[in-house]
Amino acid sequence: MRKITKVIACMLIPVFLLSSLGATQAQATIQGPSTHAQSAALIDVTSGRILYSKDGDKELRIASLTKIMTAIVAIEHSKLDDKVKVSPTAFAKEGSSLYLKLGEEMTLENMLYGLMLRSGNDAASAIAEHVGGSEEGFVLLMNKKAEQIGLMHSHFMNPHGLDAEGHYSTANDLARLTAYALHNPVFKRIVATEDKSAPNPNESWEYSWHNKNKMLRMYEGADGVKTGYTKKAFRCLVSSATRNGQQLAAVTLNDGNDWNDHARMLDFGFEYFPLVEVAKQEQPVQNTDVVTGRGFWYPLAKSEQGSLTKKLILHENRGQSETEGKEQSTDPSFGLAGRIDMQLDGKLVGSIPVYRKGSYIPPEPKTEDATLGGIGDVSSWAAAWRAVLSHLLSP
């Protein structure tokens with residue numbers, strides 16, 4: 001069997017962004033918003049493109065922004081209806097707390113609400129021990145996840161964010177982590193919740209939690225994410241908002257005026273870097289017998305919209321038998337014919353699969369309908385796409 005690669009320049013070709021590719025950072029051709037933060041970043045959640053960064057790779061303490069990682073690791077490694085028990089080491093944890101009782105049991109789902117809405121350190125430790133067997137075991141999962149999603153300047157020492165040597169991240173890394181987490185429907189739902197009640201097994205009254213994130217109430221379209229503060233990290237904040245189908249996430253570390261700064265950052269992103277529809281799903285590729293497997297949207301400034309370059313790469317696996325002028329395909333991907341790469345300013349920002357006309361194109365899962373069980377389906381779908389594209393990218 002031999003693989004034949006055809007490279008064809010294209011003018012109207014969409015792309016399918018992969019998180020593993022990494023996205024270009026917006027160039028400093030547009031004056032960014034002013035902030036009071038020591039470090040800041042703004043990211044487009046769909047593409048993973050960082051639209052604004054101020055000392056974005058500076059390694060700093062991050063306080064309870066740590067719990068973004070805690071939540072996504074717990075969601076991916078456990079079940080929402082699991083019972084989480086409060087151990088002696090989780091009970092009465094210093095700092096912000098849900099005031100859980102020793103030995104109390106609560107579902108992981110409710111514990112996650114308490115973690116993200118009220119920043120409960122007791123909840124963080126209880127979750128970590130349940131999922132990882134111990135805080136130490138859970139921290140290993142946190143650092144493994146950081147490595148998997150390409151956080152190059154982050155290291156975790158605990159699940160709650162209390163100050164500890166060797167516990168740090170950056171605005172850019174937290175922006176990437178947040179974009180990753182917001183693709184998870186359970187995480188996305190929890191962080192957008194303003195008020196949540198939960199059963200209290202020890203009292204006649206229910207727990208009632210009001211989200212500390214004031215952005216949910218003061219910024220139009222706000223839908224997350226997490227506040228943070230310690231005496232050494234100072235005020236830290238990650239916020240997100242969605243307008244016109246575009247979701248952005250902003251990060252500030254050590255910012256005494258974070259609410260106003262985040263409003264300015266989000267306004268900046270929506271105004272100057274709107275999502276642009278590059279192509280539609282099942283769009284025919286001119287002068288070929290293939291169609292696009294996905295549509296694609298990407299945040300672009302007006303000055304960048306003419307700078308996209310696209311390239312169609314077709315792969316054909318041919319078997320040994322070619323009878324009656326027809327090729328016998330041994331390609332396990334069936335109708336998958338190749339990919340289209342897109343570059344912006346010389347950097348690869350995405351790739352979209354193309355299929356032979358008339359072949360089956362697998363549907364993209366609807367994350368809004370996903371439950372915990374569906375999360376694995378979404379992850380499997382993403383893993384399958386990576387495997388397919390890895391096959392196509394191989395020499």
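**Close-up views of a predicted model**

**View 1. Aromatic cluster.** Ring pairs tie Tyr52, Phe268, Tyr272 and Phe273 together in a cluster. The model shown here is predicted. Its aromatic pairs number 6, counting rings whose centres lie within 6.5 Å.

**View 2. A charge over a ring.** Lys196 places its charged end over the ring of Tyr113. The distance to the ring centre is 4.6 Å.

**View 3. The second largest pocket.** This pocket has a volume of about 400 Å³. Its lining holds 22 residues, and the closest to the pocket centre are Ser64, Ser96, Gly228, Tyr229 and Thr230. Three elements, β8 (222–230), β9 (234–243) and α8 (258–272), each give two or more residues to the lining. The largest share comes from β8, with 5 residues. Sorted by class, the lining of the second largest pocket has 9 polar, 8 charged and 5 nonpolar residues.

**View 4. The hairpin of β8 and β9.** These two strands run antiparallel and are joined by 8 bridges. Between β8 and β9 lie 3 residues of the hairpin. Across the pairing, Val225 faces Ser239 of β9. In a regular strand, side chains alternate between the two faces of the sheet.

View 5. Strand β10 covers residues 246–253 and pairs with β9 in the antiparallel sense. The pairing of β9 and β10 spans 8 bridges. Ser240 has Ala249 in β10 as its bridge partner. In this hairpin, 2 residues lie between the strands. Asn244 takes a positive phi near 50 degrees there.

Technical notes. Residues numbered from 1 in each chain as written. Predicted model: local features only at pLDDT ≥ 70, side-chain atom pairs only at ≥ 80, totals over all residues. Heavy atoms only, no water. Phe/Tyr/Trp six-rings, centres within 6.5 Å; stacked < 30°, edge-to-face > 60°. Lys NZ or Arg CZ within 6 Å of the ring centre and 35° of its normal. 1 Å grid on protein atoms, 1.4 Å probe; cavity = no way out; pocket = protein on both sides within 12 Å on 5 of 7 lines; lining within 4 Å. Points joined across faces, edges and corners; volume = space filled by probe spheres on them. Helix = DSSP H or I, 4+ residues; strand = E, 2+ residues; numbered from the N terminus. Nonpolar A, V, L, I, M, F, W, Y, C, P; charged D, E, K, R; others polar. Pairing = 2+ DSSP bridges.
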